[in-house]
Amino acid sequence: MTVSRAPRWMCSYNPEVRTVPAGRWWNAVRVPVALGTPALKSLGDASGAVIKDGYGGIMYWLVPPGAATDWRLTDVQVLGPGSHVAVPPLRRTTGPGLYWRVPLSQDRYWTDPERLRAALTDAAVASAL
């Protein structure tokens, strides 16, 4: 279900992509689509919101602020304080361009960091085979 009322960090009335600072409301985990697609499939309904850049081949998971900062995974970048993430408007749930691959939900937008790490690790191992 799509959020009827946007979180504080999201302007529900803004029709354009906007840049939001990471580290305050969430950290973002940035991965290439080749790694993100199998991880998303593995997570299923356990995934929180995911932003996909349809042109750049990148996916971003939102995790709690401060989470995942010590990760050292190949092709995975954790964006926290000092970083910014382009965020699409709430209504944009298909490409091309930047869109919500998994839309914000009323009950959560974070993905559990440990589950995400396990899914990304499994995806990386499978792609190396």
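# How the terms apply

Guide: Pro 96 is found in the loop between strand 6 (84-87) and strand 7 (98-102), where strands are DSSP E runs of at least two residues and helices are H or I runs of at least four, each numbered from the N terminus. The model is predicted, and for that reason local features are given at pLDDT of at least 70 and side-chain atom pairs at pLDDT 80 or more, while totals for chains, interfaces and linings use all residues. Residues are numbered from 1 along each chain as its sequence is written, and side-chain values use heavy atoms, with hydrogens and water left out.

Visitor: What is the geometry of the peptide bond from Gly 95 to Pro 96?

Guide: The peptide bond that joins Gly 95 to Pro 96 is cis, its omega being near 10°.

Visitor: How many helices and strands does the protein have, and in what order do its elements run?

Guide: The protein contains 2 helices and 7 strands, and from the N terminus on the order is β-β-α-β-β-β-β-β-α.

Visitor: Which residues of helix 1 and helix 2 meet?

Guide: From helix 1 come Leu 35, Pro 38, Ala 39, Ser 42 and Leu 43, and they meet Arg 115, Leu 116, Ala 119, Leu 120, Ala 123 and Ala 124 of helix 2, a contact being heavy atoms within 4.5 Å. The residues of this contact divide into 9 nonpolar, 1 polar and 1 charged (nonpolar: Ala, Val, Leu, Ile, Met, Phe, Trp, Tyr, Cys and Pro; charged: Asp, Glu, Lys and Arg; polar: the others, Gly among them).

Visitor: Why is Leu 40 called buried?

Guide: Leu 40, which lies in helix 1, has a relative accessibility of 9% and therefore counts as buried (under 20% relative accessible area, with exposed over 50% and partly exposed in between, for a 1.4 Å probe and protein chains only). Leaving aside neighbours within four places in sequence, Leu 40 is in contact with Ser 47, Val 50, Met 59, Trp 61, Arg 101 and Val 102. Leu 40 and Val 50 are 10 residues apart in sequence, with their C-alpha atoms 8.8 Å apart in space.

Visitor: How do you know whether Ala 34 is buried or exposed?

Guide: Ala 34 is also found in helix 1, but its relative accessible area is 69%, so Ala 34 is exposed.

Visitor: What sets Ala 68 and Asp 75 apart in their backbone angles, and how does each stand in burial?

Guide: Ala 68 has a positive phi of about 70° although it is not a glycine, and Asp 75, likewise not a glycine, also has a positive phi of about 70°. Ala 68 and Asp 75 are both placed in the loop between strand 4 and strand 5. At 7% relative accessibility Ala 68 counts as buried, whereas Asp 75, with 55% relative accessible area, is exposed.

Visitor: Which residues have the most contacts inside the largest nonpolar core?

Guide: They are Val 29, Val 31, Trp 61, Leu 116 and Leu 120, in a core of 20 residues (a set of buried Ala, Val, Leu, Ile, Met, Phe, Trp, Tyr and Cys residues joined through side-chain atoms within 4.5 Å). Strand 2 (27-32), helix 1, strand 4 and helix 2 each supply at least two residues of this core, and helix 1 gives the most, with 5 residues. Apart from this core lies another, of 18 residues, among them Trp 26, Ile 58, Leu 90 and Leu 98.
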